[in-house]
Amino acid sequence: MAFSTPFSPTCGLFRNASSMNGNETELFFLGASRRRNCSHLTKSSFSGPFPQMSFGYNRIGERRDYLNSHVCASVSVLADKSTEKAQVPKGEMWSVHKFGGTCVGTSERIQNVAKIIVADDSERKLIVVSAMSKVTDMMYNVLDKAQSRDDSYVVALDAVLEKYRNTAHELLNGDDLASFLSKLHDDIDKLKALLYAIYIAGHATDFSDNIVGHGELWSAQMLSYVVRKLGQDCSWMDTREVIIVNPTSSNQVDPDYELSGKRLEEWFSRNPSKTIVATGFIASTPENIPTTLKRDGSDFSAAIMGALLRARQVTIWTDVDGVYSADPRKVSEAVILSALSYQEAWEMSYFGANVLHPRTIIPVMRYNIPIIIRNIFNLHAPGTMIGGTSREDNGDAQRLDSVVKGFATIDNVALVNVEGTGMAGVPGTASAIFGTVKDVGANVIMISQASSEHSVCFAVPEKEVNAVKEALVSRFQQALGAGRLSKVEVIPNCCILAAVGQKMESTPGVSASLFNALAKANINIRAIAQGCSEYNITVVLKREDCIRALRAVHSRFYLSKTTIAMGIVGPGLIGATLLEQLRDQAAILKEEFNIDLRVMGITGSRTMVLSDLGLDLSRWRELQKENGEVADMEKFVQHVHGNQFIPNTVLVDCTADSNVASHYYEWLRKGIHVITPNKKANSGPLDQYLKLRALQRQSYTHYFYEATVGAGLPIVSTLRGLLETGDRILRIEGIFSGTLSYIFNTFKGERAFSEVVAEAKEAGFTEPDPRDDLSGTDVARKVIILARESGLKLELSDIPVESLVPEPLKASSSPEEFMQQLPKFDQDMAKKRSDAESAGKVLRYVGVVDVVKDEGTVELRSYKKDHPFAQLTGSDNIIAFTTTRYKDHPLIVLGPGAGAQVTAGGIFSDILRLASYLGAPS
Ligand code: ADP
Ligand code: ASP
Ligand code: MG
């Protein structure tokens, strides 16, 4: 297994191939200088309607001291000397807010945003605003249409115009409205002229970023009017005049903080306002060409502005309560994290938590400025504080496993595996590989190299993988031809799952738990990387396993609940009794033992009923009638196992059907656990049984069948316990049939054998055709199950079975005819009984596994009246294990071994055993 360091996250802020070559000028700062002027700090906390967010200076000061020694930042040249000639007042009096697209999606929301701005009583405020929701997508679409010479770009642009015009009409009036609309129309006219040129030319070259950034320009202007209308003086800032960035070869941009600082001074000398509404997303190159900070870049804009102003804090307002432990759209049980370190937030966002743009952290880290993520739709929620540690230590850290803070995933990834013996010990191979990848412009998301140096494996976005492969094959043509490299292989359809948490560094066993959770959910890992900073562990998986994996690992670290999706096959007497027991016990299991059992479907041979969240077990029969559909095993299994939010699936086969049993292998292969009282699989053909057990042993899937022998009596588990602790089984002998136990316990000479059988039939103790019991086949199946469990490789046909069905009656056409004819044979049985009696014995129908002789038998035997088997009453089963440890006095299990309640109870206890194997508390 290859554990390797892609790039240590502390210096891995630019984890892409292009920055590996050192062509770009990135400086890495370790630690941060102490804060400067703090004189105006105490009163500038943001209170207003959000008491939770009043971070006093002292706390922040302490927090920052702590962080000073813990963080490192990567920024390009950011000279502190710029502050010395500052005209812009800088420091804690500034509060920076960023409102995302959804926050300004409608006129009411914009109004609401304006109120929040006004309510912030900070001395100075800078508000970064995004385009209204969907507008950036619409602008990209307009551009695409013009570039591809589709003249509907005009209509598409008019839709954006409409959106802003209507919103302005709802928010503004008088001169404000007139001047906003005049600017809007003017911009649209200019855009149309520009787009027409693009339409003619068929390409956009340098204009595209200018065009797509207009949403932010309009949002900022409109919001500033609304804030002014609420009585607060404010100016709006076109950040293309202030934020200066240099494009990088990996289609990113790096801010030039020194130049941006100068531009800010210039801007401020013209607009010395205390409240500024600034555009998100957009910026300029040093040559004043409009550009953007790339998709979702407004978070980055806010962080850059926060750093330039040395702000007290940056609040990012969005549509969720903060950063969740996993994407809340994928993991419904995800929890809000009250605090995250910068590194944790960065890792989470890098690995796909799009609540925060990954680059947002870089500028604020430099000055230890906290970022707070808050929900505009839920002002009572305190949000997540990034860059602080104190709250975390009192809160989340109480949780046992909070070493892992969160999980995130990147979809649509492909793995590239470069393999060959010629790579070992040859310096420069990695450099050649990644140099080639850089030339293609592909972004390397993670790297893993086995220590044998036999192969290097890395992940890139799926859309870039073909170009990467072609480039590598061409670069290594000679090595491939000479056999020094054996292959450049692409493994498509992958995803990346990352576990993030700063405390992982000092806590042993985190990766073990993570891999264990994945193994238990039967998820195969394609590659692994863990940076030596240990802030994250990254695994590459099959894309189809992504959400299930996320759910499984999340529940391992965050939920103590063991959630199991169940499918019940065969809701007959036993199945229905099990459902009743589950119904009665479900709440207790959930509350007291954290076991969450959800019956996602029940199927009979004709009808099935399915549920997405779990059936209400108090009315499953009604639901079956109301929503039942034609039974279809494939669809049933797909449904029960297909719920991606539940990490574990178990199918419970309550039938006696060999057809259902024939599916177990395939179910176990899919990672579905199987529990059953059905004897058919374990007593069927030996090779199939061995295959099933081998599969079960190799994988993490469980197959439990306690109720196949003795219903709820602990027979299989007792046998396993003996074997696993090193005892040697010599012999197992027992009365395994409740029916035959009843018959011989009652057959004492007062009544004829046939009368006793009739009585048992009437009492419902026998199968509808009593020959099924009397033939001994059922007992033989149990003998085979125990024999195989003890290691004997026997077929059912190897067991001699003494049938109690008189030979001539085997062919009787019906149970009734059989019962009618049976008295004719009473003589035989009466004689056997009286012979036994005269020897001081009783008759018992028993099954025997003779492990020493490697054989099994099923027969009628006589036992001395003081033998435990002779003491039996009713329909009890009794099983005696003679072992090396229990040699003179066998270990005996005795009790009712048939009936719906005890059988269902046996199945239920297997289900709980499964839950505990999956990690439920004991
Ligand atoms: P905005 O437009 O305000 O910038 P985004 O859509 O960019 O908002 O980011 C917020 C969204 O990020 C949330 O609605 C949520 O669905 C998604 N998200 C993904 N992962 C996480 C996570 N771990 N925590 C919180 N939100 C997440
Ligand atoms: N409006 C831009 C986008 O959608 C930037 C942002 O909202 O963060 O990508
Ligand atoms: Mg966003």
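**Entry 1: ligand 1**

I began at ligand 1 and found a polar side-chain atom of Lys-98 at 3.1 Å from one of its oxygen atoms. I note at the outset that this is a predicted model. Next I looked up Thr-318. A polar atom of its side chain lies 2.9 Å from an oxygen atom of ligand 1. Tyr-324 contributes through its backbone: a polar atom there is 2.8 Å from a nitrogen atom of the ligand. I then checked the cover. On its own, ligand 1 has 570 Å² of accessible area, and the protein covers 87% of that.

I listed the shell. It has 18 residues around ligand 1, and Thr-318, Asp-319, Tyr-324, Arg-329 and Asn-354 are the closest. I sorted the shell by class: eight residues are nonpolar, six are polar and four are charged.

**Entry 2: ligand 2**

I moved to ligand 2. Which residues are around it? I found Ser-130, Thr-136, Glu-216, Phe-281, Arg-295, Asp-296, Gly-297 and Ser-298. The classes came out as one nonpolar, four polar and three charged residues.

The side chain of Thr-136 places an N or O atom 2.6 Å from a nitrogen atom of ligand 2. The side chain of Arg-295 has an N or O atom 2.6 Å from an oxygen atom of the ligand. Ser-298 uses its backbone, with an N or O atom 3.0 Å from an oxygen atom of ligand 2. The area of ligand 2 taken alone is 260 Å², and the protein buries 89% of it.

**Entry 3: aromatic pairs**

I turned to the rings. A pair of aromatic rings is described by the distance of the centres and the angle of the planes. I have 18 aromatic pairs in the structure.

I opened the pair of Tyr-164 and Trp-218. The ring centres are 5.4 Å apart and the planes stand at 65°, so I log the pair as edge-to-face. Where do the two residues lie? Tyr-164 is in helix 5 (residues 153–171) and Trp-218 is in helix 8 (residues 214–229), so the pair ties together parts 54 residues apart in sequence. I checked the accessibility of both. Tyr-164 is buried, at 0% relative accessibility. Trp-218 is buried as well, at 0%.

I took Phe-747 and Phe-753 next. Their ring centres are 5.3 Å apart, and the planes meet at 70°, so this pair is edge-to-face. Phe-747 has 6% relative accessibility and counts as buried, because the cut-off is under 20%. Phe-753 is buried too, at 4%.

**Entry 4: charges over rings**

I looked for arginines over rings and noted two. The charged end of Arg-366 sits over the ring of Tyr-367, at 5.3 Å from the ring centre. Arg-475 lies over the face of Phe-476, and I read 4.9 Å to the ring centre.

**Entry 5: positive phi**

I checked backbone angles. Most residues other than glycine have a negative phi. Arg-149 has a positive phi, near 60°. I located Arg-149 in the loop between helix 4 (135–147) and helix 5.

Asn-288 also has a positive phi, near 65°. I placed Asn-288 in the loop between strand 9 (282–284) and strand 10 (290–292). Is Asn-288 buried, partly exposed or exposed? I found it partly exposed, with a relative accessible area of 47%.

**Entry 6: Gly-874**

I went on to Gly-874. It is in the loop between strand 30 (855–864) and strand 31 (876–883). Its relative accessible area is 36%, so I count Gly-874 as partly exposed. What is the C-alpha to C-alpha distance from Gly-874 to Pro-896? I have 8.4 Å in space, for residues that are 22 apart in sequence.

**Entry 7: Ser-448**

Ser-448 is buried, at 5% relative accessibility. I checked what its side chain reaches. A polar atom of the Ser-448 side chain lies 3.1 Å from the backbone oxygen of Ile-528.

Definitions and conventions. Residues are numbered from 1 along each chain as its sequence is written. Chains are lettered from A and ligands numbered from 1 in the order in which they are written. This is a predicted model: local features need pLDDT of at least 70, side-chain atom pairs count only at pLDDT 80 or more; totals for chains, interfaces and linings use all residues. Side-chain values use heavy atoms; hydrogens and water are left out. A residue is near a molecule or strand if one of its heavy atoms lies within 4 Å of it. A polar contact is a pair of N or O atoms within 3.5 Å; within protein, one must be able to donate a hydrogen and the other to accept it, and residues adjacent in sequence count only if both atoms are side-chain atoms. Accessible areas come from the Shrake-Rupley method with a 1.4 Å probe; for residues, only the protein chains shown count as cover. Ala, Val, Leu, Ile, Met, Phe, Trp, Tyr, Cys and Pro count as nonpolar, Asp, Glu, Lys and Arg as charged, and the others, Gly among them, as polar. Rings of Phe, Tyr and Trp (its six-membered ring) pair if their centres lie within 6.5 Å; planes under 30 degrees apart count as stacked, over 60 as edge-to-face and the rest as tilted. Helices (H or I, at least four residues) and strands (E, at least two) are DSSP runs, numbered from the N terminus. Buried means under 20% relative accessible area, exposed over 50%, partly exposed in between (1.4 Å probe, protein chains only). A charge sits over a ring if NZ of Lys or CZ of Arg is within 6 Å of the ring centre and within 35 degrees of the ring normal.
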